[in-house]
Amino acid sequence: MLIRDILAAKGARVETLWPRRPLAEAMTRFDERNISSVVVTDHAGNPIGIVTDRDVLKALVNHG
């Protein structure tokens, strides 16, 4: 199996958020889109990071 096979099945849409958006917005996207990560972009659309469901879980464990 190749990566392109997975993309063909799930689609190529990439969810993005700006870094100053609340974490709850990322969590809502995870739930609504059945995804586990979003790409964080600057206002020009350049990727600057990624937030995953694991990041959220760790933040909840460490910070409540």
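**Figure 1. Thr41, a residue of strand 2.** Thr41 lies in strand 2, and we start the tour of this predicted model here. Is Thr41 buried or exposed? At 6% relative accessibility, Thr41 counts as buried, because the cut-off for a buried residue is under 20%. Leaving aside residues up to four places away in sequence, Thr41 touches Thr16, Leu17, Trp18 and Pro19, and also Asn46, Pro47 and Ile48. Two of these partners, Thr16 and Leu17, belong to strand 1 (16-17). Pro47 and Ile48 belong to strand 3 (47-52).

Figure 2. The protein has three helices and three strands, and their pattern along the sequence reads α-β-α-β-β-α. The C-alpha trace spans about 40 × 30 × 20 Å along its principal axes. Of the 64 residues in the protein, 14% are buried. Among contacts with a separation of 6 or more, 19% are between residues 24 or more positions apart.

Figure 3. Three strands form an open sheet, arranged in the order 1-2-3. Strand 1 and strand 3 are the edge strands, each pairing on one side only. How do the strands pair, in the parallel or the antiparallel sense? Strand 1 and strand 2 are parallel, with two bridges, whereas strand 2 and strand 3 are antiparallel, with five bridges.

**Figure 4. The hairpin of strand 2 and strand 3.** Strand 2 (37-41) and strand 3 (47-52) form a hairpin, with five residues between the two strands. Look for Gly45 in the turn, where phi is positive at about 90°.

**Figure 5. Thr52 in strand 3.** Thr52 lies in strand 3. How accessible is Thr52? With a relative accessibility of 22%, Thr52 counts as partly exposed, because this class falls between the buried limit of 20% and the exposed limit of 50%. Its contacts, not counting residues up to four places away in sequence, are Phe30, Ser36 and Ser37. One of these, Phe30, is a buried residue of helix 2. For a sense of scale, the C-alpha atoms of Thr52 and Ile6 are separated by 19 Å, and these two residues are 46 residues apart along the chain.

Figure 6. Which residues of helix 2 (residues 23-33) are buried? They are Ala26, Arg29 and Phe30. These three cover an arc of only 100° around the axis, which puts them on the same side of helix 2. In general, an α-helix has 3.6 residues a turn, so residues three or four places apart point the same way. On the other side of helix 2, Asp31 and Glu32 are exposed. The cover over the buried residues of helix 2 includes strand 1, strand 2, strand 3 and helix 3 (53-63).

Figure 7. Asn34 follows helix 2 and sits in the loop between helix 2 and strand 2. What makes the backbone of Asn34 worth a look? Its phi is near 55°, a positive value in a residue other than glycine. For comparison, most residues other than glycine have a negative phi. Asn34 is exposed, with a relative accessible area of 72%.

**Figure 8. The largest pocket and its lining.** The largest pocket has a volume of about 370 Å³. How many residues line the largest pocket, and which lie nearest its centre? The lining has 15 residues, and those nearest the centre are Lys10, Arg13, Val14, Glu15 and Ile35. Helix 1 (3-10) and strand 2 (37-41) are the elements that give two or more residues to this lining. Strand 2 supplies the largest share, three residues. By class, the lining has seven nonpolar, four polar and four charged residues.

Note on methods. Residues numbered from 1 in each chain as written. Predicted model: local features only at pLDDT ≥ 70, side-chain atom pairs only at ≥ 80, totals over all residues. Heavy atoms only, no water. 1 Å grid on protein atoms, 1.4 Å probe; cavity = no way out; pocket = protein on both sides within 12 Å on 5 of 7 lines; lining within 4 Å. Points joined across faces, edges and corners; volume = space filled by probe spheres on them. Helix = DSSP H or I, 4+ residues; strand = E, 2+ residues; numbered from the N terminus. Nonpolar A, V, L, I, M, F, W, Y, C, P; charged D, E, K, R; others polar. Buried < 20%, exposed > 50% of the residue type's maximum accessible area, 1.4 Å probe, protein only. Arc of directions from axis to C-beta. Contact = heavy atoms within 4.5 Å. Pairing = 2+ DSSP bridges.
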